[in-house]
Amino acid sequence: MIPLAEAPPGPAELPSGGDPGRWPFLQRLRRLPHLDPEPWLRAIESGALQPEADLLAVLAEHWSADAPLRLLRWWAAQPAPDPQLPLLVGIRRNPALADWLLAQLPADPLQQLGRPPELLAAQLSLLGHQRDARAWPLLRTWVQAPIPASLRRAALEGLALGLPVWPRAALRRCLRMLAADLDPQLAATAVDLLTRLPGCRRQLVPLSRRALEPAVAGRLQRRLAATPVQPLLLVVHGRSGGELPSELLSLAVELEQRRGAPVRLQALSASAPPDGEPLLAAGLPLTLVPLLVLPGGHVRQDVPAIAAHWRRRTRVQRQPFLGAWPCWQQALRSELQTLAGAAEPGQGPPLLLHHPLAGALAQRYLALLEQVTGGRTLATPYSAPDCDGPTLSFTAPALPLVLAANRLTDRLAGTVPGGTVGVPLLQRPALRAVLLDALEALP
Amino acid sequence: MSTAPASSPSTLSKVEQAKAELCGLELAPRLEDLGRQGWEALDEATLTIRLKWLGIFFRPVTPGRFMLRLRLPNGVITAEQLAVLAEAVDRCGEHGSADITTRQNIQLRGLLLEDMAPLLAELERVGLTSRQSGHDNPRNITGNPLAGIDPEELIDTRPLVASIQTALLGPAGPRNLPRKFNVAVGGAPDSFLLHNDLAFLPAHHNGELGFTVMVGGFFSAQRNALAIPLGLWLPAAQLPGFTLAVLRHFERAGNRQQRNKSRLMYLVDQLGLEDYRQAVLATWAELAAELGCEQAGDPATAAAHDGSHLVNRAPRDGLGVQPQMQAGQSWVGLHVPMGRLDAEGMAELARLARTYGSGELRLTEAQNALIVNVPTEHLEALLAEPLLQRFRPDPSPLQAEAVSCTGNAYCSFALMPTKGTAQAVLEELERRVELPHAVRMHWTGCPNACGQPYMGQIGLMGAKARKDGEMVEAAKIYLGGAMDAEPKLAELHHKGVPLSDLADVLEQLLVERFGARRLPSPSVF
């Protein structure tokens, strides 16, 4: 028995491994309200005491702030360091410890291949525990480097342990790349980590379209199946009296099939919102998507009012209007490039024909759209007072900037020579596919 | 019922100080934020003590990879719930696993702290909780794993266990006990429960079936005791209120100065059985006056009792195809080696329960799983499922009731890799001997006795021993544990057999004491 009521026991009194008295000794040591770790540290550093796991587990509850780093420095200087020790002593966050680890692990992993991989692996994991944003470039480099799989996995475990502190966009890119790695264990872990990030469907759904190793693909499908899919409300322009064009109806049907959750259309021109029951039944938040391509009055006034209506019934996650989505803008750019490629020599850049807009915001948006797509935007009047003008003619191929048939496309069809103006955007397969993919990946 | 400890702050142990400063339940709304901060930023008391009020366990052997212990009252779980747990484990990749525990419960391993907030929300969605499943709390309440389907059932324990849990987790329940507390309800002749602090065993009084109260059972490194009769009989409906009263009294009067002398039996010893009973009854009366009889029960219904009961034999293993009390339906008991599950196994178990049964499973204290309510016409197809090659309905007599703690894969204090060693030794013994009947072997890694070695016909406890001049991993051997009509704790037989010799020593014991017959050695060409 240890005379705990008297002086605290010292290292010399610790029974050796195998002694039946060791276990109760350590348990009593553990329960001491205060224990000075200094004699124990000194005993380890001098070689008088072996830093065995059971002892370190007890001492860890009494460490001073500098003790772990001190022990790790001692550990690194040993001729044959025990790779298990770092995780037993160095897991608490400590800037000095992070500094030391960063200094121990150079940015170029190929320089370190002479060192025992199990020691490097221990340090990589430990670096993740530190959750120090400075470690991101190093861990990313190691996880992507052509080095033994065990080291790459250790770097990925480091990323896993510090997940919230890494730059989110760069982390997503890194994990998406790793999901297709030739090492299936690494790829599987990358998929699991992507799942832990907010809005993971945006990452997982596109991954599911890539050729992944079968076990990884299976894992991805399990993650997707377990990720809740919110009901979707698509706010669209619609036609007179709330009529919904067929392009939008078929889009919603296909989307509902792909997401496995309710999708409903709400036309701005309709007198009432759609039946809310299917959207509310699961008790999940509602994802509200303004499928509007321009930042006009509908986006600025009507959509907030619609969101407010639904917020009275459920939680609403409102997405930006479609025209602001970078993937949509890039898809328009591709479409216009295709048009330009087929144009006759001397014709100007393709045109994007749009409903006339007022206000500085709208003009800035149009300027941005021209910059991104390489096309030229052209306000195209179509309302009744303007429709009496001469037949429209364009000097370049043109796309109506509308998703589905409406009054603008009706007017264009009646006044523009055939073939000059393309069909509404959702009738163009590439654009429709991009939109479907993006909508499928929403929460 | 949050009662401040009687001791002054200066005399409290560090555990008591931590509990007094902040109840771990208060961390629940902050869990998402704690995940973002990272566990490395938590103070020691929050990390190692308070999080356990939410069922979250920091594991020093796998720092950063946490364990979550659930509550599964009576060991009942649905396929939907199990599938949710499988998904949580699957997300942890190589780090993920789960254990069926000796309290008919499940604990998940390999989780990040960031996983906890969304996982707890998902658990709540499917009707599960991990609340107060660790540290100084009333642990998962066990009952007859065959409740409601057992042809030998005396009383269905499921509603009783559920109502006790509701009472204990409700506003009147304990938040700061001096120590952990195990409660169990028996419902069949084989409901051995004397290792619990509070056990209700079916018993008659004046021709009415109710429960006799047993108190004080526990295992620890310092002392092992079977529960003793309190001398009270209760109608079934009074169990929740009475349990609340026992725990309120324990919360007030239990020993907070010495954690190794704080289990209920020490309090019973301190007060004497008679005074303890009177104190509990007085507390119950006080509780009934405070909460009303609807919530706290009616102390007037308690009757003096001699402690005799209807439990008279050792627990059945429940394995294989067994007819239920419902005609045309069976349960299929599957042996889960050492209670260790992986994501794939869990998902498959859930699928089988959905496909062939009613979508419900039961977990046993022997760490096995039962698929229940399987119509006769589904049995053949179920038995042909590939998973049943892994989780066999007909394991060997040695495997059937082998129980194991976690071992040093996840515990700093285990002196051997318990589950791996047990599985390897049992497989080796199967090659060497055949047994006429099951032999219950309980494996535990250290004197804390989480694997309940004293309940085994053979108990094994991690130790060290010298062999060829070297200290090596070893096992103490205990013999003679009995859970039948004459319960008895196993006693030390050998103080340390090196693991490399363990199969030889156990083989000899099985032949000499358990009627094993040696199998012919495989031919060598």
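**Confidence, domains and the chain contact**

Mentor: A contact means C-beta atoms, placed from the backbone, within 7 Å. This is a predicted model: local features need pLDDT of at least 70, side-chain atom pairs count only at 80 or more, and totals for chains, interfaces and linings use all residues. Residues are numbered from 1 along each chain as its sequence is written, and chains are lettered from A and ligands numbered from 1 in the order written.

Trainee: What is the mean pLDDT of chain A?

Mentor: 87, with 94% of its residues at 70 or more. Over residues 1–5 of chain A, though, pLDDT is below 50. That stretch has 6 contacts beyond near neighbours in sequence.

Trainee: Switching topic. Which domains does the assignment give for chain A?

Mentor: Domain 1 (232–324) and domain 2 (326–433). The bounds come from an automatic or database domain assignment. Taken over C-alpha atoms, the centres of domain 1 and domain 2 of chain A are 24 Å apart.

Trainee: And how many residues of each are in contact?

Mentor: 13 from domain 1 of chain A and 16 from domain 2 of chain A.

Trainee: Now chains A and B. How many residues does the contact take from each?

Mentor: 30 from chain A and 27 from chain B.

Trainee: Which elements of chain B give two or more residues to that side?

Mentor: Helix H4 (79–90), helix H5 (113–125) and strand E21 (458–467) of chain B. These are DSSP runs, numbered from the N terminus: helices (H or I) have at least four residues, strands (E) at least two.

How values were computed
pLDDT = per-residue confidence, 0-100. Contact = placed C-beta atoms within 7 Å.
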